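Subject: Structure for you to look through

Hello,

Here is the structure I promised. Please open it beside this email and follow along.

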Amino acid sequence: MNRYPRNMIGHGPDAPDAKWPGGAKVAISLVLNYEEGGENCILHGDGQSEAFLSDIAGAAQWPGQRHWNMESIYEYGARAGFWRLHQLFTERDIPVTIYGVATALARSPEQVAAMKDAGWEIASHGLKWVEHKDMPEEEERRQIAEAVRLHTEVVGTPPTGWYTGRCSLNTVRLTAELGLPWISDTYDDDLPYWLEAGDRDQLVIPYTLEANDMRFATAPGYITGEQFYQYLKDAFDVLYAEGEAGRAKMMSVGLHCRLIGRPGKMAGLKKFLDYVAQFDDVWFPRRIDIANHWAEHHPHVRYDHPTEMDKDTFVSTYGSIFEHSPWIAERAFDLELGPAHDRAVGLHNALCRMFRSATDDEKMGVLTAHPDLAGKLAAAKRLTADSTSEQASAGLDALTDGEREEFTRLNTAYTEKHGFPFIIAVRDHDKAGILNAFKERVSNDTETEFKTACGQVERIALHRLKALLP
């Protein structure tokens, strides 16, 4: 099968109402990454020093050497930045989710104790703060297991969620195997969503790289705390307006002890917290709180995904979407299909592509496969189940004698003139509207009617798919 794995639709245009507690219009998830003591370092058994996310301009890894300046910047995060942030959040009674690198937590027992005393959630940020992109799958699986073991040993409880950050193509799949309440190695939405991982449903809570203090250490990025504040405020204001319109969202804010923990940078964070404190309908959850809320109010509902079917099943399920024309489904199966085609609109597009690219003779075969409206087949109850339901929806199964005679006369005149039956998506009309369209269209030229009928066939197909798929 030619399948495209990336999900380009997500919740789509009909995203759910988050229904945050208390009617909150925005859920703000503050995440503090604790990486200090887990970064690349010769002391940690790595082959080089760290070069990522520090105040050292143009930093590069030093193979085989310790980088004293880099180490001391990371140490600042543990020694000073963490405690400044701990005071800020505890004084305001704002709960935080920790992304804790297991080896870093093991080297910071007093910080771990402070996290626990504050009631913060301590999730896993992997075994070490290193790149995973070139890591063999089995080695990454081993390190994930060791991270869980060490985290549990150090914290006293297993991690409640997972975020690797410097991940590989395998990371999401491997962490989904753990059975954790949530994972976060995605940046693809403003709401949580479910990922089907084998037999279990894995909740994904997307993270952020833009409302994130890491941009103090990247270009382009923030230079002052005021810039960070302004970006967070702008993001919040847009999300809050969406929440007022009934489309409540989630806002993640990514923080690092060695970055936002510096006084000039933290001033922007503090100003943002002062700003949102003016709003009563804002929720500050830990990510485990979001996970529990989503599982309760938005449980996953599985259905058979078209793109995961074998060809026989696909054709038997969708071969009748275009009346008596399974060849359209047969051809569509071989297209590059992905998660976006597991919804009604997406699959409709794939089927229509095959209909539109067909020859005029093939299209004519589809048109002539349609029954007359309120015709002899309907009277003899020999319509397909879809056609029966569609005609009944507009009351065409309960015509008066006069109405039936008028339909018969129009059917005969239309078919004799154009060579195919009158086709209209009856679910878009009532009986009177159908009759009016019939009377207007019977006088059109055949070329115009051929194009119109093809468009109506596509419209009928969409209605049929919406009865089967989200």
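Which residues form one aromatic cluster? They are Phe-407, Tyr-414, Phe-420, Phe-422, Phe-438 and Phe-450. Before you go on, note that this is a predicted model.

**Aromatic rings**

A search of the whole structure finds 30 aromatic pairs. One of them joins Phe-420 and Phe-450. Their ring centres are 6.2 Å apart. Phe-420 lies in the loop between helix H16 (401–418) and helix H17 (431–441), while Phe-450 is in helix H18. The pair therefore ties together parts that are 30 residues apart in sequence. Both Phe-420 and Phe-450 are buried.

The charged end of Arg-166 sits over the ring of Trp-129, 4.8 Å from its centre. Arg-262 lies over the face of Tyr-76, and here the distance to the ring centre is 3.4 Å.

**Helix H13 and its cover**

Which residues of helix H13 are buried? H13 spans residues 360–368, and its buried residues are Lys-363, Val-366 and Leu-367. They cover an arc of only 100° around the axis, so they sit on the same side of H13. An α-helix has 3.6 residues a turn, so residues three or four places apart point the same way. What covers the buried residues of H13 includes H11, helix H12 (344–356) and helix H18 (446–466).

Now look at His-348, which is found in helix H12. Is His-348 buried or exposed? His-348 counts as buried because its relative accessibility is 11%, and the cut-off for buried is under 20%. Leaving aside neighbours within four places in sequence, His-348 is in contact with Glu-458, Ala-461, Leu-462 and Leu-465. His-348 and Lys-466 are 118 residues apart in sequence, yet their C-alpha atoms are 9.2 Å apart.

**Two aspartates in loops**

Start with Asp-46. This residue is in the loop between strand E1 (26–34) and H1. Asp-46 counts as buried, at 12% relative accessibility. A polar atom of the Asp-46 side chain lies 3.0 Å from the backbone nitrogen of Cys-41. Beyond its neighbours within four places in sequence, Asp-46 is in contact with Glu-39, Asn-40, Cys-41, Lys-128 and Val-130.

Next comes Asp-310, in the loop between helix H9 (287–297) and H10. Asp-310 is partly exposed, with 44% relative accessibility. Which backbone nitrogen does the side chain of Asp-310 reach at 2.8 Å? That nitrogen belongs to Thr-313. The backbone nitrogen of Asp-312 lies 3.2 Å from a polar atom of the Asp-310 side chain. Asp-310 and Ser-108 are 202 residues apart along the chain, and 52 Å separates their C-alpha atoms.

**Backbone points to check**

Where is the cis peptide bond? The bond from Ala-219 to Pro-220 is cis, with omega near 0°. Pro-220 is in the loop between strand E7 (200–204) and helix H6 (225–244).

Asp-93 is not a glycine, but its phi is positive, about 55°. Asp-93 is found in the loop between helix H1 (68–91) and strand E2 (97–100). At 70% relative accessibility, Asp-93 counts as exposed. His-324 also has a positive phi, near 50°, in a residue other than glycine. The loop that holds His-324 runs between helix H10 (311–318) and helix H11 (326–333). His-324 is exposed, with a relative accessible area of 55%.

**Cysteines**

How many disulfides are there? The count comes to zero. Take Cys-352. The closest cysteine sulfur to its own is in Cys-454, 10 Å away. Cys-352 counts as buried, at 0% relative accessibility. Cys-167 is partly exposed, with a relative accessible area of 27%.

That is the tour. Please go through each section with the model open.

Best wishes

Key
Residues are numbered from 1 along each chain as its sequence is written. This is a predicted model: local features need pLDDT of at least 70, side-chain atom pairs count only at pLDDT 80 or more; totals for chains, interfaces and linings use all residues. Side-chain values use heavy atoms; hydrogens and water are left out. Helices (H or I, at least four residues) and strands (E, at least two) are DSSP runs, numbered from the N terminus. Buried means under 20% relative accessible area, exposed over 50%, partly exposed in between (1.4 Å probe, protein chains only). The arc is that of the directions from the helix axis to the C-beta atoms. Contact means heavy atoms within 4.5 Å. A polar contact is a pair of N or O atoms within 3.5 Å; within protein, one must be able to donate a hydrogen and the other to accept it, and residues adjacent in sequence count only if both atoms are side-chain atoms. Rings of Phe, Tyr and Trp (its six-membered ring) pair if their centres lie within 6.5 Å; planes under 30 degrees apart count as stacked, over 60 as edge-to-face and the rest as tilted. A charge sits over a ring if NZ of Lys or CZ of Arg is within 6 Å of the ring centre and within 35 degrees of the ring normal. A disulfide is a pair of cysteine sulfur atoms within 2.5 Å.
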